[in-house]
Amino acid sequence: MSGCRLMRAITVSEFGAASVLTLSSGVTVPQPGHAQVLIRVHACGVNPVETYIRSGTYARRPALPYTPGSDVAGVVDAVGEGVTALKTGDRVFTTATESGGYAEFAVAAEDCVHKLPAALDFPQGASVGIPYFTAYRALVHKARAKAGETILVHGASGGVGVAACQLSRALGLRVFGTAGTPEGMKLVLDSGAHRAFNHREDGYTDKIMEATEGRGVDVIVEMLSNVNLSRDLQMLTYGGRVTVVGSRGPVEINPRDTMAKESCIMGVALFFATPEEKKECAALLYAGMEAGWLRPVVGSQYPLHEAAQSHRDIIESPGAAGKIVLTM
Ligand code: NAP
């Protein structure tokens with residue numbers, strides 16, 4: 001009976017610095033309820049939002065204690081009553097969990113659990129959830145990017161950025177991406193970008209404009225809006241759209257820059273995706289996994305007991321190189 005089993009899990013009993021992520025070894029393995037699945041977790045993606053929630057500064061604060069983590073990959077261990085699409089032994093990945101993914105087992109609602117094709121290993125499966133669903137939301141549901149348009153993925157070397165490059169290329173866009181190191185720029189090119197630029201280099205936005213023959217880009221997926229939004233507005237072509245995916249503070253812009261191009265600034269929050277939108281996105285991403293263009297790039301991997309270090313590194317260490325993942 002799985003109800004008697006114990007597992008290792010990270011628990012957060014107070015909001016604060018990364019050190020509040022504590023490894024507990026006597027946590028009861030959760031039971032799947034109606035329309036839920038119990039997953040034996042092999043890997044769990046670490047996303048920046050989990051650091052904001054843990055610090056207690058985010059709009060959404062879970063009840064304490066809690067276990068972080070939404071993007072797990074693993075094997076179905078048991079299914080609850082009413083589950084029809086999944087069975088014990090299936091390889092899966094999730095876009096949300098009920099009990100928390102930084103753990104050896106996690107319960108997730110059936111509609112947040114997706115089959116993981118054999119071509120992807122578990123760390124790659126744990127890199128799909130938030131990054132690829134966010135990239136899809138920004139590109140398709142918000143910017144309504146079309147084949148033949150030019151896109152700038154501003155911050156393309158991390159989890160969402162790699163996803164946005166691969167997806168944009170598959171959708172037929174001309175893809176520019178930025179990174180802060182030569183290694184990051186190589187990764188951006190390997191992820192499907194036609195051109196890579198270094199966002200730590202003086203004058204790199206001039207080079208981006210030159211690459212468009214001065215016309216500007218149609219769409220920008222922006223990972224650090226508080227630094228880049230003003231310049232983004234100047235890099236857009238007529239009718240261009242900036243999708244605000246990431247921002248870590250306020251920024252001053254000149255609204256006139258939007259008049260000059262009749263451009264749009266649009267916020268992106270994966271949280272607001274409807275069940276229909278999630279279904280559509282999951283279908284396209286599954287097709288990408290089968291066709292081979294969707295291949296998450298896993299950067300650093302940390303064992304579960306080093307979850308605190310993974311939180312420090314995702315925020316403090318410059319030079320992203322793909323997705324940060326915990327392995328169990
Ligand atoms: P990540 O893996 O840590 O990647 C961060 C990216 O930002 C890296 O490519 C990094 O490049 C880049 N960056 C650093 N300095 C930059 C600059 N000056 N200009 C442009 N890019 C810069 O994080 P992630 O998971 O991809 O998430 C990216 C952001 O989106 C985070 O702020 C996250 O909170 C947010 N997000 C929002 C949603 C939503 O629903 N709105 C969903 C998911 C994520 P280098 O390290 O190479 O310099």
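Is Thr-11 buried or exposed? At 18% relative accessibility, Thr-11 counts as buried. Buried means under 20% relative accessible area, exposed means over 50%, and partly exposed lies in between, with a 1.4 Å probe and protein chains only. Thr-11 sits in strand 1, residues 6–11. Helices (H or I, at least four residues) and strands (E, at least two) are DSSP runs, numbered from the N terminus. The side chain of Thr-11 makes a polar contact with the side chain of Ser-24, at 3.0 Å. A polar contact is a pair of N or O atoms within 3.5 Å; within protein, one must be able to donate a hydrogen and the other to accept it, and residues adjacent in sequence count only if both atoms are side-chain atoms.

This is a predicted model, in which local features need pLDDT of at least 70 and side-chain atom pairs count only at pLDDT 80 or more, while totals for chains, interfaces and linings use all residues. Residues are numbered from 1 along each chain as its sequence is written, and side-chain values use heavy atoms, with hydrogens and water left out.

Turn now to strand 11, residues 217–222. Six of its six residues are buried, so strand 11 is largely enclosed by the rest of the structure. Strand 11 pairs with strand 8 (residues 150–154) in the parallel sense, over four bridges. Two strands pair if DSSP finds at least two bridges between them. Strand 11 also pairs with strand 12 (residues 236–244), again parallel, over five bridges. Follow Ile-220 to see both links. Ile-220 is the bridge partner of Leu-152. In strand 12, the bridge partner of Ile-220 is Val-242.

Right-handed means that, with the strands pointing away from the viewer, the path from the first strand over the helix to the second runs clockwise. Strand 12 also holds Thr-237. Thr-237 counts as buried, at 9% relative accessibility. A polar atom of its side chain lies 3.2 Å from the backbone oxygen of Arg-215.

A further right-handed β-α-β unit is made by strand 9, helix 5 (residues 182–190) and strand 10. Strand 9 (residues 174–179) and strand 10 (residues 195–198) run parallel, joined by four bridges.

Next comes the ligand. Which residues come nearest to the ligand? Of the 27 residues around it, they are Tyr-52, Ser-157, Arg-200, Val-268 and Ala-320. A residue is near a molecule if one of its heavy atoms lies within 4 Å of it. The shell divides into 14 nonpolar, eleven polar and two charged residues. Here Ala, Val, Leu, Ile, Met, Phe, Trp, Tyr, Cys and Pro count as nonpolar, Asp, Glu, Lys and Arg as charged, and the others, Gly among them, as polar. Helix 1 (48–55), helix 3 (129–142) and helix 4 (159–170) each supply at least two residues of this shell.

Specific atoms can be named. An N or O atom in the side chain of Tyr-52 is 2.7 Å from an oxygen atom of the ligand. In the side chain of Asn-228, an N or O atom is 2.9 Å from a ligand nitrogen. Val-268 uses its backbone: an N or O atom there lies 2.7 Å from a nitrogen atom of the ligand. Taken alone the ligand exposes 930 Å², and the protein buries 86% of that. Accessible areas come from the Shrake-Rupley method with a 1.4 Å probe; for residues, only the protein chains shown count as cover.

The loops hold some backbone exceptions. Most residues other than glycine have a negative phi, and most peptide bonds are trans. Ala-35 has a positive phi of about 60°. Ala-35 lies in the loop between strand 2 (22–28) and strand 3 (36–45), and is partly exposed, with a relative accessible area of 24%. Arg-144 has a positive phi too, near 50°. Its place is the loop between helix 3 and strand 8. Arg-144 is exposed, at 56% relative accessible area. The peptide bond from Leu-64 to Pro-65 is cis, with omega near -10°. Pro-65 belongs to the loop between helix 1 and strand 4 (72–79).
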